[in-house]
Structure formats: structure tokens, C-alpha cells
Amino acid sequence: MNPNGRIPVLVDRARDDFAVFETAAILLYLAQRVDRDFKFWFDPVKEQENYSTMLQWIFWAHGGLGPMQGQSNHFQRAAPVDIPYAKKRYLDETERLYGALQLRLAERDFLAGPGRGSYSLADINAFPWVAGHTFSGVENLEKWPGLNAWFQRIYGREAVQKGMDIPN
């Protein structure tokens with residue numbers, strides 16, 4: 001169902017088994033189909049700047065955080081040969097990207113939205129990567145207090161905890 005042969009894929013049975021692949025695309029598709037009250041995203045017509053900011057952070061995570069941390073995961077945990085250069089390169093890049101999150105979250109609660117921000121698809125998209133920080137070789141988030149506070153804030157949500165427990 002995914003031309004790249006990977007997961008995730010969402011199949012919308014109500015739409016003649018319409019398949020949507022890639023996490024960011026799935027989040028946007030679900031928001032457009034289900035979240036008509038804009039609880040987790042921003043109205044692209046009425047809140048153009050907030051919507052654009054949300055998209056920027058979604059694309060940032062999709063094009064940077066995910067691939068770089070994914071490579072760190074691979075070289076830290078799964079590579080058949082120990083390659084110290086690759087381990088260091090991707091761990092350093094993951095930490096650099098965490099630094100970008102720190103810059104954004106130093107004075108904000110969430111990545112997008114007015115004021116201190118609103119929990120949105122941007123946070124939902126980036127959070128699972130940060131949640132896997134120890135798997136990638138990042139021991140803890142104390143080096144980035146704004147990022148750590150954001151992580152704790154999101155992880156403290158009951159629905160997030162339920163989702164993180166699947167599978168248990």
C-alpha cells in the first residue's frame with residue numbers, strides 16, 4: 001500500500017480503501033477528515049500563520065529529526081558492523097536537532113500556535129522521536145530544559161500515555 005514498502009499506512013475504509021502513507025501525511029489527512037473543530041491543528045484560512053508554522057515543524061521533523069535520529073538508531077543498535085564515525089555523526093546530528101527544538105521551546109509550551117503555543121499535529125509528529133531518545137544514544141534530556149519540559153508536558157497527557165503503552 002506504500003510505494004516505498006514501509007509503514008505506517010492508514011487505509012480509510014469509508015473512502016473505498018483509500019491508502020495514506022507517511023506519518024505527516026496521515027496526521028494531516030486525519031485532521032482534515034475528523035478534526036473539524038481544529039482541536040489539534042489550525043484553520044488554514046482563518047489562522048494562516050499558525051497553520052504555516054505547524055506545517056514547518058511537521059516538515060522539519062519529517063525531513064530532519066526523523067531521518068537523522070533514525071540513522072542514529074540504526075548505527076547505535078542495529079548496524080552489523082561497529083562504525084564509530086557513523087554513530088558519532090548521527091548522534092551529534094540528533095543532538096543538534098534537539099538544540100533546534102530547545103531554541104523553539106525555551107519560551108513556549110508547544111511548537112506552533114499563538115502565545116506560548118497550542119498542542120498540535122506538529123507536537124504529535126515530533127514527540128515519538130524525542131520519546132525514543134535513549135534508544136538513539138541520548139541518555140537524557142536535561143541538557144535541553146525547554147525540550148525536556150515539552151516532553152514531560154506531552155508525556156503527562158493521559159491519551160499519550162495510553163498510546164505509548166501500545167503494544168505493552
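Reader: By class, how many nonpolar, polar and charged residues are in the lining of the largest pocket?
Author: In this predicted model, the lining of the largest pocket is made up of 9 nonpolar, 10 polar and 2 charged residues.

Reader: And how much space lies in that largest pocket?
Author: The largest pocket holds about 520 Å³ of space, and among its 21 lining residues the closest to the centre are Ile7, Pro8, Glu22, Thr23 and Trp129.

Reader: Which helix gives the largest share of the lining?
Author: That is α2, which contributes 6 residues, while α1 (23-34), α2 (48-78) and α4 (121-131) each supply at least two.

Reader: Switching to aromatics, how many pairs does a search of the whole structure find?
Author: The search finds 12 aromatic pairs. In one of them, Phe127 and Phe151 have ring centres 5.2 Å apart and planes at 15°, so the two rings count as stacked. This pair links distant parts of the chain, since Phe127 belongs to helix α4 and Phe151 to helix α5 (residues 145-155), 24 residues apart.

Reader: Are those two buried or exposed?
Author: Phe127 is buried, with a relative accessible area of 4%, and Phe151 also counts as buried, at 9%.

Reader: What else does Phe151 form an aromatic pair with?
Author: Phe151 is also stacked with Tyr155, at 5.8 Å centre to centre and 15° between the planes. These two are 4 residues apart in helix α5, and therefore about one helical turn separates them. Tyr155 is partly exposed, with a relative accessible area of 32%, and one aromatic cluster is formed by Phe127, Trp150, Phe151 and Tyr155.

Reader: Which ring face does Arg77 lie over?
Author: Arg77 lies over the face of Phe135, 4.9 Å from the ring centre, and Arg153 lies over that of Phe110, at 5.8 Å.

Methods: Residues numbered from 1 in each chain as written. Predicted model: local features only at pLDDT ≥ 70, side-chain atom pairs only at ≥ 80, totals over all residues. Heavy atoms only, no water. 1 Å grid on protein atoms, 1.4 Å probe; cavity = no way out; pocket = protein on both sides within 12 Å on 5 of 7 lines; lining within 4 Å. Points joined across faces, edges and corners; volume = space filled by probe spheres on them. Nonpolar A, V, L, I, M, F, W, Y, C, P; charged D, E, K, R; others polar. Phe/Tyr/Trp six-rings, centres within 6.5 Å; stacked < 30°, edge-to-face > 60°. Buried < 20%, exposed > 50% of the residue type's maximum accessible area, 1.4 Å probe, protein only. Lys NZ or Arg CZ within 6 Å of the ring centre and 35° of its normal.
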